[in-house]
Amino acid sequence: MEILLAKSAGFCFGVQRAVDTAYKHADEKNVYTYGQIIHNEEVVGDLAKHGVKILEDDELDQIKDSKVIIRSHGAEKRVYDILEKNGNEIIDATCPFVKKIHNIVMDECGKGHTVIIIGDGKHPEVKGIMGWCMSEPVVIGTEEEAEKFVQSCLNGEYKPSENISIVSQTTFNYRKFHNVVDIIRNKLYNVTAYKTICNATSVRQREAQEIASKVDAMIVIGGRNSSNTQKLYEISKKECENTYYIQTLVDLDLTTFESVSRVGITAGASTPNKLIKEVHGRMDEMNFAELLENDESRGSIK
Ligand code: F3S
C-alpha cells in the first residue's frame, strides 16, 4: 500500500504558537487558558497535569490576579475588559492572522460601514471577531444565507450602511467564500471584501483535495469540534468516497484498508504531530504485515 501524507498536516503556525505559550507558562501559579487551548484532549489533559486550568466563559468574573492565556482563535473584547478589571494578566496568543481581522472590523465599524463576517456564528473565532465590532455585524455561513441577506436588503427589511465590508473566518472554505461574496456583490453596491482566509488553511485544503483525488481511501485526523478538520473531511469526501474522519488511533479500523492500494493522510491544524506519526506508523505496519504474509505464503520465512 502506498501512503501519501500531506506535508501541511498538523499544527499550523498559530496553534503551535498558542500551545508553546501554554507550555511556557505551565507549572506556574494560577495559569488558565480561556477555553481549551486547542481541540485536542491529549494536549489539554497534559497541560492540566502541569497545572494549566481551563477558564470557562461563565467563570470569567470569578478569578483574580491570575494569568490567562487567550488561545489562537482569539476572544471578544469584553473578555479582555473583564479579566483586566479583576487584575489578571492576559497572555495573548491570538493568532496574528485573527488579530488582523479584529483590527479590520474595528476600523470598518469606525467608518460606519456594515460588517459582514462569513463563517460559522457559533465558532469561537467568529464570536471573537463579532466581539470587536462596534456595531452589530451580519454573520453569513452559506450561499443560501447570502441570498436571504441580499433579499432582505432589497426589500428594505434590513438597511445596510452605504458601504459594506466583508471579512471571513480564517478557516472558511475558499470557494464558498467567493460564492458568498459574488452573491452579495452582484446585487448590492460599495462592497469591499477582505481576503482573511488563512494561507495555512487554503494550502491544507488544496493539498487534501489533491491527495484525495489520487487515492482509494483517505484518512482525516482531528478533533470532532475542529472546524478546519471538518472542512478537510468535506473536501476529501467529495474527491474520495472512502474518506474516514478519526480523532485518535482507536478510531482507525484497519480492516477497512485491507484492499486499498493507495491511502492518503491529512490532519487539521490542531492535530499534534505525534498522533499523525502514530497513524502513519500503523498504516506502515499494515504494509509490513502484508509483506510478511506474502513472504510466508511463498515459504520464505523460516
Ligand atoms: Fe492562525 Fe491560520 Fe492557524 S489563522 S491559527 S495560522 S489556521
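**Exercise 1.** Determine how far apart the C-alpha centres of domain 2 and domain 3 lie, and describe the contact between these domains.

Solution. The bounds, which come from an automatic or database domain assignment, are 2-10 + 199-297 for domain 1, 13-94 for domain 2 and 97-193 for domain 3. Between the C-alpha centres of domain 2 and domain 3 the distance is 28 Å. Ten residues of domain 2 are in contact with ten residues of domain 3, contact meaning that C-beta atoms, placed from the backbone, lie within 7 Å. The side of domain 2 that touches domain 3 comprises one nonpolar, six polar and three charged residues, where Asp, Glu, Lys and Arg count as charged, Ala, Val, Leu, Ile, Met, Phe, Trp, Tyr, Cys and Pro as nonpolar, and the others, Gly among them, as polar.

The model is predicted, with local features requiring pLDDT of at least 70 and side-chain atom pairs pLDDT 80 or more, whereas totals for chains, interfaces and linings use all residues. Residues are numbered from 1 along each chain as its sequence is written.

**Exercise 2.** Identify the residues that surround the ligand and the helices that supply them.

Solution. At least two shell residues come from each of α1 (13-25), α4 (96-110) and α8 (199-212), helices being DSSP runs (H or I, at least four residues) numbered from the N terminus. The most are given by α1, with three residues. By class, the shell holds nine nonpolar, five polar and no charged residues.

Notes. Contact = placed C-beta atoms within 7 Å.
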